[in-house]
Amino acid sequence: MTLKECYEILGADLDGALKRLSNEKLVERFALKFLNDTSFEELDKALGDKNYEEAFRAAHTLKGVAANLSFSRLHDVSAEFTEMLRGGNAPADEAYMEIVRAEYTRTVEALKQLQGA
């Protein structure tokens with residue numbers, strides 16, 4: 001799979017990522033580093049522990065990483081969830097985490113294909 005194909009599958013903005021990172025090699029390098037990012041796992045754990053302040057921080061980090069890599073769909077769902085958690089509040093829609101989880105999983109699966117795993 002090529003980087004372009006990966007971004008197309010994700011509905012992500014490769015042109016936006018290229019504007020930030022200047023070339024495809026850098027975009028691919030940083031996109032693959034996303035596989036080692038722990039913010040989703042931290043979000044999941046914090047929600048399980050009902051630690052909504054930590055969940056907010058993790059969701060905010062996930063949103064930021066997704067924005068920097070122009071993973072548009074993941075950014076959008078994590079941004080919405082971040083706002084639900086703002087102020088350390090329990091999310092108004094706890095089931096929304098499953099939407100975030102699905103998009104995160106889709107992103108990771110596409111990146112693993114890009115990686116050749």
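**Helix packing and overall fold of the chain**

Helix α3 (residues 24–33) packs against helix α7 (residues 96–115) at an angle of about 125°, and their axes lie 10 Å apart. The model is predicted. Two packed helices are described by the angle between their axes and the distance between the axes. The chain that holds this pair has seven helices and zero strands.

Packing of α3 and α7

- Angles of 65 to 115 degrees count as roughly perpendicular and those over 145 as roughly antiparallel; α3 and α7 are therefore oblique to each other.
- The crossing in which α3 passes α7 is left-handed.
- On the α3 side, the contact is made by E28, A31 and L32, and on the α7 side by L111, L114 and Q115.
- By residue class, the contact of α3 with α7 comprises four nonpolar residues, one polar residue and one charged residue.

Composition and dimensions of the chain

- Read from the N terminus, the order of elements in the chain is α-α-α-α-α-α-α.
- The radius of gyration of the chain is 14 Å, close to the 13 Å given by the globule rule for 117 residues, so the chain is as compact as a globular protein of that length.
- The C-alpha trace of the chain spans about 40 × 25 × 20 Å along its principal axes.

Burial and contact range

- Of the 117 residues in the chain, 41% count as buried.
- Among contacts in the chain between residues at least 6 apart in sequence, 65% join residues at least 24 apart.

How values were computed
Residues numbered from 1 in each chain as written. Predicted model: local features only at pLDDT ≥ 70, side-chain atom pairs only at ≥ 80, totals over all residues. Heavy atoms only, no water. Axes fitted to C-alpha atoms, helices over the stretch in contact; angles between N-to-C directions. Helix = DSSP H or I, 4+ residues; strand = E, 2+ residues; numbered from the N terminus. Parallel < 35°, antiparallel > 145°, perpendicular 65-115°, else oblique. Left-handed = near helix turned anticlockwise from the far one by under 90°. Contact = heavy atoms within 4.5 Å. Nonpolar A, V, L, I, M, F, W, Y, C, P; charged D, E, K, R; others polar. Rg over C-alpha atoms; globule rule 2.2 N^0.38 Å. Buried < 20%, exposed > 50% of the residue type's maximum accessible area, 1.4 Å probe, protein only.
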